[in-house]
Amino acid sequence: MNEPLSSVREEMRQGFADMRAEMRQGLIEVRTEMREGLASVRGEVREGLAAVRGEMQEGLAAVWGEMQRGFAGVQQGFAELHQGMAAMGWRLDALDERVRAGGVLLEALRDQVQQLAEAHAMLDQRVERYRREHEVAHQEILALLRRGERPRSLSSP
């Protein structure tokens with residue numbers, strides 16, 4: 001009875017050894033396939049990344065160009081604004097000078113109006129004095145005429 005058992009044992013050992021060998025061989029094949037698959041995937045990923053990197057660089061270059069054009073437009077806008085502000089400054093300076101000159105002219109005009117008012121007041125006084133003198137002379141002439149005398153200023157020398 002020992003002998004049939006030992007042959008079964010030996011068959012089992014041999015079966016296990018064969019199975020181990022097959023499993024090792026299968027694992028080696030699976031590892032090899034996995035390595036090859038991973039290498040293939042790595043290559044595809046590298047190619048994909050290179051393509052994406054190129055597309056990103058092209059996109060970034062396009063965006064950079066647009067930004068530079070935009071900044072150039074903004075700079076030109078600021079330059080035009082600066083020129084406009086400078087022109088407004090010149091206009092304000094000219095206007096300020098005109099206002100100052102107008103103020104000087106206005107002051108001179110005030111002085112002249114004051115002089116005219118004073119001259120008018122003096123003229124009014126003269127006219128009033130002349131009117132009074134003329135009224136007195138007129139009354140004297142009328143009085144003389146009523147008496148029949150000839151006025152002194154009308155008599156011949």
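## A salt bridge to start with

Glutamate 107 and arginine 110 are joined by a salt bridge, with their closest N and O atoms 3.2 Å apart. The term salt bridge here means a side-chain nitrogen of Lys or Arg within 4 Å of a carboxyl oxygen of Asp or Glu. About one helical turn separates glutamate 107 from arginine 110, because they are three residues apart in helix H1. Side chains of opposite charge can pair when their charged atoms come close.

This is a predicted model, where local features need pLDDT of at least 70, side-chain atom pairs count only at pLDDT 80 or more, and totals for chains, interfaces and linings use all residues. Residues are numbered from 1 along each chain as its sequence is written, and side-chain values use heavy atoms, leaving out hydrogens and water.

The structure holds four salt bridges. Which residues do salt bridges with shared partners join into one network? They are Asp96, Glu97 and Arg100. Arginine 100 meets aspartate 96 at 2.1 Å, N to O, and the closest N and O atoms of glutamate 97 and arginine 100 are 3.7 Å apart.

Aspartate 96 sits four residues from arginine 100 in helix H1, about one turn of the helix. Arginine 100 has a relative accessible area of 47%, so it counts as partly exposed; the cut-offs are under 20% for buried, over 50% for exposed and in between for partly exposed (1.4 Å probe, protein chains only).

## The whole chain

Let's step back. The protein chain has one helix and zero strands; both are DSSP runs, numbered from the N terminus, with helices (H or I) of at least four residues and strands (E) of at least two. Helix H1 covers residues 2-147. Along its principal axes, the C-alpha trace spans about 205 × 35 × 20 Å. Buried residues make up 2% of the 157 residues.

Within helix H1 we also find glycine 43. Its C-alpha atom is 27 Å from that of glutamine 25, which is 18 residues away along the chain.

## A nonpolar patch

Val8, Met12, Phe16, Met19 and Met23 form a nonpolar surface patch, with about 510 Å² of accessible area together. Patches use residues with over 30% relative accessible area and no salt bridge, joining like charges within 9 Å and nonpolar side chains (Val, Leu, Ile, Met, Phe, Trp, Tyr) within 5 Å. Accessible areas come from the Shrake-Rupley method with a 1.4 Å probe, and for residues only the protein chains shown count as cover. Methionine 12 is partly exposed, at 47% relative accessibility.
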